[in-house]
Amino acid sequence: MNRLERRPVTLVGALWLVGCLVLAATAVSADTVQLVPTKDNSMYQNFGGCEANGGGAFIFAGNSGCCGPRRALIAFDIAGAIPAGASIDSATLDLTVNMNPPGATDTTISAHPLSTDWGEGTTDAGTPGGFGVPAGAGEACWDFAFFNTGAWATPGGDFGAASGSGTAGNTGSVTSITGLGGDVQGWLDNPAGNFGWALLGDEAGNNTARRFASREAATSGPVLTVEFSMPAVCGNGVREGDEQCDDGNTTAGDGCSPTCTIEPGTAIPTVGEWGLILLSVMLLGMGVLVFRRSV
Ligand SMILES: [Ca+2]
Ligand SMILES: [Ca+2]
């Protein structure tokens, strides 16, 4: 048996333990990314055909003064921008309002995770764009996720309960939809299930619609801001998060366990920690000398 593997706790070991506890753990790494959409589009109810605006500079959500609601569709490549295994701390979708109905007051826009994939297409309804134009092949519209080969199970889009919401003011304001971290985490962990969100306005009232800049707009397009952290990795030689130690391996019995907890009675200091111990012993020795000379 290696004498270092079963050494009882000694003064040196005790000093090392104290040193370990004094040294603060390195924070788990955190980062922020900002994503632009991979696709966005709008769906328009009650126009008789199947209107869309996938290639246009605007997306719409809410009720106009006539004609029923509009809903926006928007998606982001989460797994392409955030490392696998990351823990999502928050996600916020910012949309810039560039048109509102006359006399409009603040209204709520909610984001609902979609359960069916959909098409963006290239049709452009121009300006103001609020009525859409007939969808092209493969483009989403009120009745179809992909016109005209794949219908939504429910006209208007297949989506779940709202996972986040924000307040939309009038032209020039930014609507921040918060609370989207859970969806983003799910899509990072399961990219095949990432179909983005349907954005809904207040569909019970009139004149609640808002027009937002789309990803095709020259400026002020949608931005998804995601804050995430990388978990501590035991065995990488860096003490992180809740790790009590990290000696660069995941070997048991060498003082630092395979889960990076201190193994009582088997502690083996690293080179840096030996330095700390040496310094402690020197300071202790100096203290003893000073004490002896003073008595
Ligand atoms: Ca688009
Ligand atoms: Ca580590």
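1. The protein has three helices and 15 strands. Helices (H or I, at least four residues) and strands (E, at least two) are DSSP runs, numbered from the N terminus. Please keep in mind that this is a predicted model: local features need pLDDT of at least 70, side-chain atom pairs count only at pLDDT 80 or more, and totals for chains, interfaces and linings use all residues. Residues are numbered from 1 along each chain as its sequence is written, while chains are lettered from A and ligands numbered from 1 in the order in which they are written.

2. Let's turn to burial. Of the 295 residues in the protein, 37% are buried. A residue is buried if 20 or more other C-beta atoms lie within 10 Å of its own, exposed if 12 or fewer, and partly exposed in between, with C-beta atoms placed from the backbone.

3. Next, contacts along the chain. Take the contacts between residues at least 6 apart in sequence: 73% of them join residues at least 24 apart. Two residues are in contact if their C-beta atoms, placed from the backbone, lie within 7 Å.

4. Seven of its seven residues are buried, so β5 is largely enclosed by the rest of the structure. Pro69, Arg71, Leu73 and Ala75 point one way, Arg70, Ala72 and Ile74 point the other way, and all are buried.

5. Which strands pair with β5? Strand β2 runs antiparallel to β5 and is joined to it by six bridges, with Asn41 partnering Leu73. Strand β4 (residues 58–63) also pairs with β5 in the antiparallel sense, over two bridges; here Asn63 partners Pro69. Three bridges join β5 to the antiparallel strand β13 (residues 197–200), where Trp197 is the bridge partner of Ile74. Two strands pair if DSSP finds at least two bridges between them. In the hairpin of β4 and β5, five residues lie between the strands, and Cys67 takes a positive phi near 75°.

6. Have a look at Asp40, which sits in strand β2 (residues 39–44). Asp40 is buried, with 29 other C-beta atoms within 10 Å.

7. In helix α2 (residues 181–189), the residues Asp183, Val184, Trp187 and Leu188 are buried. Seen down the axis of α2, these fall within an arc of 135° (taken from the directions from the helix axis to the C-beta atoms), so they line one face of the helix. They pack against β6 (87–99), β7 (107–113) and β15 (223–229).

8. The largest nonpolar core has 51 residues, and Ala140, Cys141, Phe144, Val184 and Leu199 touch the most other members. Its largest share, five residues, comes from β6. A nonpolar core is a set of buried Ala, Val, Leu, Ile, Met, Phe, Trp, Tyr and Cys residues joined through C-beta atoms within 7 Å.

9. Finally, some backbone details to check. The peptide bond from Thr127 to Pro128 is cis, with omega near 10°, and Pro128 is found in the loop between β7 and β8 (133–134). Another cis peptide bond joins Phe147 and Asn148, with omega about -10°. Asn207 has a positive phi of about 55° although it is not a glycine, and Asn207 is partly exposed, with 17 other C-beta atoms within 10 Å.
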